[in-house]
Amino acid sequence: MSTIDELRAGTGTLVAGLPMPTFRRIQVEPISGACGCEISGVDLREPLDDATLQEIMKAFEHFLVIVFRDQNLTPEQHKAFSRYFGPITELPQAPTYGEHSDMQEVRREAHEPENVVPSFEHFHTDSPFLERPPLCIVMRALDVPKYGGDTAFSNAYLIYEHLSDGMKELLDGLQVVYSGKDIWSRNEKLPPEKRLRLRESHSFREEELENIHPAVRVHPVTGRKALFATTAYFKRFVGWSEAESRALVNYLQSLAQHLHYHCRVKWKKDTLIVWDNRFLLHRGIHDFKYERRHLIRTTIMGERPLGVKDLPLKNS
Ligand SMILES: [Fe+2]
């Protein structure tokens, strides 16, 4: 029996596709049946004791999105908390936050149009073109609209688990070419009012901006499988034509829209969210106008994505 089968064999209320874990050190309130929880009873300005940290990590693994309210952190406190999840990494394309080259910002001024932020108006994972795409994002709100500007999430484990056996078998053997090589040149061709705000310089080499990853991603510890094929930075499936690839990825992208895979979080000033970037999709919702929205974040480096063929063979 695999680790994931053992997890499913537990009894109790199901949430995010698995039995609800128990927590003693923190209060955990699920946001929807699909993913996400709010955690209270923790002050992230202080170093965390081992037992509290273990429970936060358990909540993160289970819910994929963890939300803390009223966390008025300095950038250094933000980075210190982020490092519990892994090493902080830079991104080639996302604008940095002030003098902090290891932090990024998502900023839309009140007078600016929706397209100015590098936040896609569709579900995506961040920077899948890197060899080791981000494990998670740690984001905190400095300034948010009174209403609107939420972030929505879609659980990619559940998307995969609801596919037919035939589609699972097809996708299990597929690989995706992801590329971030041409985002600057494409942006320059757009009229000024339609351009994204991108980072102007970075130290990544050209060949680091394109990689091949499995279409179905496997959790390195539990072996649970999730869809890892979405349209952002997507070039094609390996061995498929562009037209064939586009038809299939558009269908897969449409599945992420189903509400029963989602949760949605309303930001308030000093809300801090950690979300998984491996087994979960996200998107900002720009349903506001004439108000400022300013979020700052760190990005944690993930493992090289594992595919189904990388799983150890059972009974061998
Ligand atoms: Fe994003």
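Which protein donors of the iron ion lie 2.2 Å from it? They are His124, through NE2, Asp126, through OD, and His282, through NE2, where donors are N, O and S atoms within 2.8 Å of the metal (3.2 Å for Na, K and Ca), and since water is not among the atoms, sites may look incomplete. The model is predicted, so local features need pLDDT of at least 70 and side-chain atom pairs count only at pLDDT 80 or more, while totals for chains, interfaces and linings use all residues. Residues are numbered from 1 along each chain as its sequence is written, and side-chain values use heavy atoms, with hydrogens and water left out.

Along the chain, the donors of the iron ion follow the spacing H-x1-D-x155-H. Because His124 sits in the loop between strand 7 (100–108) and strand 8 (134–143), and His282 in strand 17 (residues 280–284), the pair ties together parts that are 158 residues apart in sequence; strands here are DSSP runs of E with at least two residues, numbered from the N terminus. His124 is buried, at a relative accessible area of 2%, and His282 is buried as well, at 5%, buried meaning under 20% relative accessible area with a 1.4 Å probe and protein chains only.

Another residue to look at is Asp276, which belongs to strand 16 (residues 272–276) and counts as buried at 2% relative accessibility. A polar atom of its side chain lies 2.5 Å from the backbone nitrogen of Arg278, and a polar atom of the Asp276 side chain lies 2.8 Å from the backbone nitrogen of Phe279. Leaving aside neighbours within four places in sequence, Asp276 is in contact with Phe60, Leu64, Leu135 and Cys136, contact meaning heavy atoms within 4.5 Å.

Note on methods. Helix = DSSP H or I, 4+ residues; strand = E, 2+ residues; numbered from the N terminus. Buried < 20%, exposed > 50% of the residue type's maximum accessible area, 1.4 Å probe, protein only. Polar contact = N/O pair within 3.5 Å; in protein donor to acceptor, adjacent residues only side chain to side chain.
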